[in-house]
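Please look over the model shown here. This report walks through a few of its helices and residues.

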Amino acid sequence: MALLTALHMASVFGILGNIVSFMVFLAPVPTFYKICKKKSTQGFQAIPYSVALFSAVLLLYYAFLKKSNGLMIITINSIGCAIEATYLTLFIIYATKESKIYTTKLLLLFNVGACGLIMLGTSLFSKGDTRISVVGWICAVFSVCTFVAPLSIMTPNILGFTFGVAQMVLYLIYNKKTVQALPETKVLDLTIAMEMKVEFKEKQNGEDKAILDLSAIILEIEELKEKQNGEDKGNKPIKTSESNV
């Protein structure tokens, strides 16, 4: 009876584990919906998806080594490989040239280089149950890395967080000193503003006066021209006609 209970519990936890793993694989769907909608990776990185694909491939290798009770592991990780491969394909399609090169390097590093070395090393230097145990521990480590990998987005924000804390500390230190100096600063600013206003008015009055003087000169010139034209018309000689001559 105890044996049946243990088998049932193992099946239940295996099913629950597959459900949770499936939800983890589907978690980036909203992110890739935004990427496809805007046709841009928007600064996202391919590290989480590369690590997740690498972990799924290793778990498939572990399931094939284990042979017995490996059906659920093979099922969920086959689905995971397909999902992560789709994510990476979409990422490469909409990524910049630099991101495409970087993602390709990650895929070669994890899914070709590291995965190949693990398979070759465990095949050459371990056998039987020892190989299964070694591969199982490696899979456990990289399964944890699958959950840690999305935290890589925090790296660019560490420097900003540090400067933000420094600004808050400086604000707390010098806040009172700034408040005490504020009234004097306001008086000085008000005095300067009044002086600038007076200078502006004086300058504007001077410009208005100059404009009025110029207008008066122009009017005088026009009057002189009209007067001169009138005199020229009065002094014009009278021509005698040929019939009088």
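Predicted model: local features only at pLDDT ≥ 70, side-chain atom pairs only at ≥ 80, totals over all residues.

## Helix α5

Helix α5 runs over residues 97-125, 29 residues in total. From first C-alpha to last, α5 reaches 40 Å. That is close to the 42 Å expected at 1.5 Å a residue. The helix also bends, by about 30° at L109.

Several side chains of α5 are buried. They include T103, L106, F110 and N111. C115, I118 and T122 are buried as well. In an α-helix, residues three or four places apart point the same way, because there are 3.6 residues a turn.

## N18 in helix α1

N18 sits in helix α1, residues 2-26. Its relative accessible area is 19%. Buried means under 20%, so N18 counts as buried.

Which residues does N18 contact, leaving aside neighbours within four places in sequence? They are M72 and I76.

## S143 in helix α6

S143 belongs to helix α6, which spans residues 128-148. Is S143 buried or partly exposed? With a relative accessible area of 22%, S143 is partly exposed. The value falls between the cut-offs of 20% and 50%, and therefore S143 gets that label.

Leaving aside neighbours within four places in sequence, S143 is in contact with S55 and L59. V51 is 92 residues from S143 along the chain. The C-alpha atoms of S143 and V51 are separated by 8.7 Å.

Methods. Residues numbered from 1 in each chain as written. Heavy atoms only, no water. Helix = DSSP H or I, 4+ residues; strand = E, 2+ residues; numbered from the N terminus. Expected span 1.5 Å × (residues − 1). Bend = angle between axes of the 7 residues up to and from the residue. Buried < 20%, exposed > 50% of the residue type's maximum accessible area, 1.4 Å probe, protein only. Contact = heavy atoms within 4.5 Å.
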